[in-house]
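Colleague: I would like to go through the labels used for this protein and set each one against its cut-off. Could you take me through them?

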Amino acid sequence: GNLTVQELADRLGVESSEIIKSLFFKGIIATVTQTLDLHTIETVSEEFGVPVLQDDIEAAAKKTVEMIEESDMAHLIRRPPVVTVMGHVDHGKTSLLDAIRKTRVAAGEAGGITQHIGAYQVDVPHGDEHRKITFLDTPGHEAFTAMRARGTKVTDVAVLVVAADDGVRPQTLEAISHARAAEVPIVVAINKIDKEGAQPDRVKQELSGLDLVAEDWGGNTVMVPVSAIKGENIDKLLEMILLVTEVEDLQANPDRMARGTVIEAHLDKAKGPVATLLIQNGTLKAGDVLAAGPILGKVRAMVDDTGKRVKQAGPSSAVEALGFSEVPTAGDEFEVYTDEKSARAVVGDRATEARATRLAQQMASRRVSLASMSGQASEGELKELNLILKADVQGSVEAILGSLEQLPQEEVQVRVLLSAPGEITETDVDLAAASGAVIVGFNTSMASGAKRAADATGVDVRDYDVIYKLLEDIQMAMEGLLEPEL
Ligand code: GDP
């Protein structure tokens with residue numbers, strides 16, 4: 001069924017102004033009570049990384065960019081799985097990633113535990129051979145969400161960390177729904193089993209209520225009890241990850257030009273733009289010309305996760321690369337081109353697109369104030385007066401909305417983008433800036449950060465403690481009679 005903006009915001013667990021803002025950038029000006037069609041609901045939900053509908057999940061899966069092409073078929077070899085670690089805060093994600101990283105010192109690899117590039121690889125004994133696993137070392141699942149929102153599927157397995165002394169918590173649920181939306185299999189690490197109050201069975205119980213049933217309970221979800229701190233059962237977890245991915249038949253063609261995803265990027269004062277690239281197909285070589293989203297680059301130097309300079313990097317490995325013209329965006333895809341000319345052509349198109357979007361945003365954020373709107377009204381140029389209304393209580397909100405409706409609106413229409421009880425927040429200011437609205441507060445205050453944001457964006461925030469005065473100013477502005485404030 002259809003939902004209003006407010007209902008959708010409630011389901012997604014975000015502020016309604018966030019939804020309105022997102023709609024605004026899609027060219028839809030909406031109010032909180034507006035009903036949205038199915039397609040819009042899906043698009044917005046996907047953007048916030050929360051699947052609300054089955055269709056949404058399917059759409060996300062379909063959008064997944066195919067990294068393997070027809071021409072690769074004859075050259076495919078097995079590639080290592082790429083793994084993300086997710087879970088509730090403090091359940092031990094960082095500790096687990098550290099514990100896993102340490103196993104390669106045990107495996108005899110020299111010195112390689114220092115470099116933090118956003119991803120690392122470990123060697124795991126598997127039968128008579130060694131297999132590699134790539135771990136994304138980016139904290140939380142934000143990166144995961146951002147990449148999925150762009151349609152990039154980077155991970156093959158999600159390790160869900162649940163603390164045995166705490167059980168399933170809100171972010172556990174969130175992680176599960178993210179992994180499911182991306183159609184990524186889940187391996188559960190029941191962590192902190194060394195602790196006094198650890199109850200691994202209670203965790204299994206709770207998870208089975210979420211359709212994650214442990215194998216020893218007759219289900220098919222792999223669950224490994226571990227202690228990240230004591231390093232207990234880490235090898236078992238790694239083995240299980242390999243087992244789960246074995247059936248996925250992960251392959252890539254090392255004999256082609258690389259493509260993949262930007263995992264992390266930042267500007268280094270000395271080195272310039274630095275980006276960690278996850279190679280998903282092909283082999284990346286020093287000197288390669290590439291485009292990452294709208295950013296052009298020529299790989300000047302590459303460093304692997306042990307800090308070693310490397311000349312090339314194959315499928316499922318991650319390297320930190322230098323040589324971009326600007327800092328690329330994490331989550332964007334990159335691809336190598338035969339020469340600078342063809343890379344430039346691709347980037348040129350993307351840059352034009354990006355510029356158009358930026359321009360539209362700038363146009364939208366042209367500074368408005370009630371006084372400048374009044375000026376436009378007196379010239380007969382103002383058609384709509386966009387408002388965001390925040391008041392002390394719901395009763396005031398309704399009273400003010402009721403009175404606003406009574407104002408004559410033949411010449412100029414009042415459009416209330418958002419009305420809610422509560423403080424004026426930074427998000428409200430962002431929305432006002434993006435949509436050319438003024439913020440009207442009644443018996444309320446500004447949240448920390450909101451004032452700074454208003455100053456920075458030039459958003460007009462007016463506060464009132466008398467409804468009559470508020471209405472009078474709005475009416476004067478609509479009639480073009482409001483004098484600029486001093
Ligand atoms: P994150 O927020 O999920 O990354 O969690 P952290 O890795 O930062 O761990 C949160 C806290 O739990 C830290 O104080 C860790 O020392 C502790 N912790 C993590 N794993 C274990 C474990 O296996 N056993 C015990 N006793 N404590 C752990």
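Modeller: Start with burial: buried means under 20% relative accessible area, exposed means over 50%, and partly exposed is in between, with a 1.4 Å probe and protein chains only. This is a predicted model, where local features need pLDDT of at least 70, side-chain atom pairs count only at pLDDT 80 or more, and totals for chains, interfaces and linings use all residues. Residues are numbered from 1 along each chain as its sequence is written, and side-chain values use heavy atoms, with hydrogens and water left out.

Colleague: Why does Ser316 count as buried?

Modeller: Ser316 has 1% relative accessibility, and the cut-off for buried is under 20%, so Ser316 counts as buried. Ser316 is in the loop between β17 (312-313) and β18 (318-324); strands are DSSP runs of E with at least two residues, helices are runs of H or I with at least four, and both are numbered from the N terminus.

Colleague: What is the phi of Ser316?

Modeller: Phi of Ser316 is near 70°, a positive value in a residue other than glycine. Most residues other than glycine have a negative phi. Asn443 also is not a glycine and has a positive phi, of about 50°. Asn443 lies in the loop between β22 and α14 (450-457).

Colleague: Why is Asn443 called partly exposed?

Modeller: The relative accessible area of Asn443 is 41%, which falls between the limits of 20% and 50%, so Asn443 is partly exposed.

Colleague: What makes Tyr120 and Phe135 a stacked aromatic pair?

Modeller: Rings of Phe, Tyr and Trp (its six-membered ring) pair if their centres lie within 6.5 Å; planes under 30 degrees apart count as stacked, over 60 as edge-to-face and the rest as tilted. A search of the whole structure finds one aromatic pair. In that pair, Tyr120 and Phe135 are 5.8 Å centre to centre with 25° between the planes, hence stacked. Tyr120 is in strand β5 (residues 119-126) and Phe135 in strand β6 (residues 129-136), so the pair ties together parts 15 residues apart in sequence. Both residues, Tyr120 and Phe135, are buried.

Colleague: Why are the buried residues of α11 said to line one face of the helix?

Modeller: The buried residues of α11 (residues 370-378) are Leu370, Ala371, Met373, Ser374 and Ala377. Seen down the axis, they fall within an arc of 160°, so they line one face; the arc is that of the directions from the helix axis to the C-beta atoms. Their cover includes β20, β22 (438-442), β23 (461-464) and α15 (467-479).

Colleague: What makes the link between the side chains of Glu384 and Arg415 a polar contact?

Modeller: A polar contact is a pair of N or O atoms within 3.5 Å; within protein, one must be able to donate a hydrogen and the other to accept it, and residues adjacent in sequence count only if both atoms are side-chain atoms. The two side chains make theirs at 2.9 Å. Glu384 is found in strand β20 (residues 384-391) and, at 33% relative accessibility, counts as partly exposed.

Conventions
Contact means heavy atoms within 4.5 Å.
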